[in-house]
Amino acid sequence: MAKVLLEMKNITKTFPGVKALDNVNLKVEEGEIHALVGENGAGKSTLMNVLSGIYPYGTYEGDIIYDGEVCKFDKIKDSEEKGIVIIHQELALIPYMSIGENMFLGNERGKSAAIDWNETYGEADKYLKMVGLSESSRVLVKEIGVGKQQLVEIAKALAKHARLLILDEPTSSLNETDSRALLDLLLKFKEEGLTSIIISHKLNEVAYVADKITVVRDGATIETLDNRATEISEDRIIRGMVGREITDRFPKRHNVEIGDVNMEVKDWTVFHPLYPERKVVDGVNLNVRKGEVVGIYGLMGAGRTELAMSIFGRSYGTGISGTMTLNGETVELKTVKDAIKKKLAYVTEDRKGNGLVLTNPIKINTTLANLDSISSKKIIDKDKEYQVAVEYKEKLKTKAPTVEQNVGNLSGGNQQKVLLAKWMFADPEILILDEPTRGIDVGAKYEIYCIINDLVAAGKSVIMISSELPEVLGMSDRIYVMNEGKFVGELASSEANQEVIMQSILKSGKGE
C-alpha cells in the first residue's frame with residue numbers, strides 16, 4: 001500500500017458571511033496525481049490556499065498532516081520549505097525579467113547580498129531542460145508564449161525541490177497540443193516520484209492524467225473516485241460535481257430563424273502594434289447573420305483574438321486595412337466608442353485584466369459600457385444603477401449575496417456572468433465572445449450556453465472564439481477555422497467534426 005504523503009482533516013474555513021470550507025477531508029498518496037474538481041466557488045482553490053499557507057494557521061480549523069507531521073504554516077515560505085509548491089492559475093512571472101531571474105526571485109543564488117549570476121543561469125538552464133524547454137534562461141519572459149511560461153513555472157517549482165506540486169487550472173490558457181504536452185510531463189514526473197494535485201475544469205484531461213479524483217461541492221468533499229481501478233467517465237465526474245445528470249452538455253436551440261447578414265468584413269488585414277512588419281491577420285473575410293452563432297477555432301497564436309479586437313474599434317493592431325459593413329452600410333470604427341455606438345460588443349478573454357474592475361462592485365461593473373442609460377445630465381442615477389444590476393443578476397443567475405459585492409470576490413463563473421451582463425446591458429446587435437467559458441466549471445458553462453441561445457433567439461448575432469473544439473462544434477451554426485492569421489476553412493455545423501477541422505489546420509501550414 002502506498003504511503004500517504006498528505007492528509008487534510010476536517011478543514012473548515014469561514015469568510016465574513018460565507019463558510020467556504022465545511023469539514024473537508026483530502027488524502028493524497030505519495031507518487032500519485034490527484035485531481036480536485038468541482039464547480040466554481042466549491043472551495044477547491046481555498047483548500048489549496050490553506051495547504052500552502054496563503055491562509056495561515058489559526059485562520060481555519062482542522063489539521064494538515066504532511067509526511068507524517070502536523071504542519072502549522074504561517075506563510076507560503078513555510079510550506080515551500082517542506083516541498084509543497086503551488087502554481088496559481090494567474091502566472092506569477094514578471095515579463096521584463098529573464099526566465100532565470102523569475103525562477104529564483106525570492107530564492108536567489110549567491111552569498112550575502114551578491115547574486116551569483118553564473119550559478120543562477122546555470123541552475124535555471126538545468127531545470128528548464130528537465131521540463132523540456134530549450135530556451136536560454138537569459139531570455140526575457142515576454143519573449144516566450146503562454147505554454148512555455150507555464151513550463152517555466154513548473155521549472156521554478158522544481159528549483160524549490162518540490163515533492164508535492166499543486167497546479168491550479170494549469171491548461172486553461174493552453175491549446176490542446178500544449179495541454180497534452182503538459183499533462184504528459186506530469187505523468188513523466190510521477191514516474192520519477194513527484195506527487196501532484198491538479199485542479200481543472202477540463203474533465204477529459206482529468207480523466208487522462210489523474211489516479212484519483214476528489215469531488216468538492218458547496219465547500220464539502222462529496223467523494224473520491226479511483227481512476228486506476230476503472231476509468232471514470234466525464235459524465236460520472238459531472239454527476240458528482242453538480243449533484244445531477246447533465247444529459248446534454250450543449251443545450252439545443254429551437255425555432256431560431258437565421259436572418260440576413262448584419263456584419264461583414266472583407267480582406268481584413270492587421271499588423272502587430274510593436275512589430276509593424278509582422279502581419280497577424282492576413283486578408284480575412286468573415287460574415288455573421290442575425291440569429292446565428294459563428295464559431296472561430298484555431299490553435300494558440302492563430303490570430304483569433306487579434307482579429308476580434310481589431311474589428312472592435314481597432315482596439316488592437318496597426319496598419320489595419322479592409323472593409324466592414326453593418327446591415328449593408330460601410331462603416332469605419334476607429335475607436336471602441338464608435339463600435340459600441342454601432343451596437344458591437346466584445347467580451348474579452350481576459351476578464352480580470354481587461355474586462356472587469358475587480359475592486360468595484362457588481363452594480364458598477366454591470367453598467368460601465370452604457371452609462372448614458374442610467375445618467376441624467378452626466379450624473380449617474382444610483383437607484384437606476386442598482387435596479388439594472390439586480391435585474392441582470394437575476395436574469396443571469398449570478399451567485400452573490402448582493403450587487404454591492406466586489407467582483408473580485410466572486411468565482412470565475414460568476415465574474416464571467418457579470419462581464420456578459422455588462423455587454424448585454426449595452427444592447428448590442430453583435431456580440432464577439434472571446435473564450436467565454438475559460439476557467440469555469442461545467443455547470444456555469446451550461447448556463448452561459450443557455451444565455452448565448454437566448455441572445456440569438458432574440459435576433460442577436462454571436463461570434464464565439466474558443467480553444468475548446470467540442471464547445472465550438474456543440475454551439476456553432478457555422479465555423480471558421482483559423483491558422484497563422486488566415487481563415488483556412490469554413491464549415492457548416494452539419495459537416496464539421498474534430499478531424500475535418502484539424503486537417504484544415506495541418507494542411508494549411510505547420511499547424512503548431
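The model is a predicted one, in which local features need pLDDT of at least 70 and side-chain atom pairs count only at pLDDT 80 or more, while totals for chains, interfaces and linings use all residues. Residues are numbered from 1 along each chain as its sequence is written, and side-chain values use heavy atoms, with hydrogens and water left out.

**The sheet around β11**

In general, the strands of a sheet pair through backbone hydrogen bonds, either parallel or antiparallel. Two strands are taken to pair here if DSSP finds at least two bridges between them. Six strands form an open sheet with mixed pairing, in the order β6-β9-β10-β3-β11-β12. At its edges stand β6 (84-87) and β12, each with a single partner strand, so one side of each is left without a neighbour in the sheet. Ignoring direction, neighbouring strands of this sheet are turned by 20° against each other on average, where axes are lines fitted to C-alpha atoms, for helices over the stretch in contact, and angles run from 0 to 180 degrees between N-to-C directions.

Strand β3 (residues 33-37) pairs with β11 in the parallel sense over four bridges, and Leu-36 has Thr-214 of β11 as its bridge partner. With strand β12 (residues 220-226), β11 pairs in the antiparallel sense over six bridges, and there Ile-213 has Leu-225 as its bridge partner. The hairpin of β11 and β12 has two residues between the strands, and in it Asp-218 takes a positive phi near 50°. Five of the six residues of β11 (residues 212-217) are buried, so this strand is largely enclosed by the rest of the structure; buried means under 20% relative accessible area, exposed over 50%, and partly exposed in between (1.4 Å probe, protein chains only).

**Helix pairs**

| Helices | Angle | Axis distance |
|---|---|---|
| α4 (residues 117-130) and α5 (residues 146-159) | roughly 120° | within 9 Å |
| α14 (residues 412-425) and α15 (residues 442-457) | about 15° | 10 Å |

In the α4 and α5 pair, Tyr-127, Leu-128 and Met-130 of α4 make the contact with Val-152, Ala-155, Leu-158 and Ala-159 of α5, contact meaning heavy atoms within 4.5 Å. In the other pair, residues of α14 including Gly-413 and Leu-420 meet residues of α15, among them Ala-444 and Ile-451.

**Cores and a strand end**

A nonpolar core is a set of buried Ala, Val, Leu, Ile, Met, Phe, Trp, Tyr and Cys residues joined through side-chain atoms within 4.5 Å. The largest such core has 69 residues, and Met-263, Trp-268, Leu-286, Ile-296, Leu-307, Ile-311 and Leu-344 touch the most other members. A second, separate core of 47 residues includes Val-85, Leu-182, Leu-183 and Ile-213.

Ala-492 lies in strand β24 (residues 486-492) and is partly exposed, with a relative accessible area of 31%. Apart from neighbours within four places in sequence, Ala-492 is in contact with Asp-477 and Arg-478.
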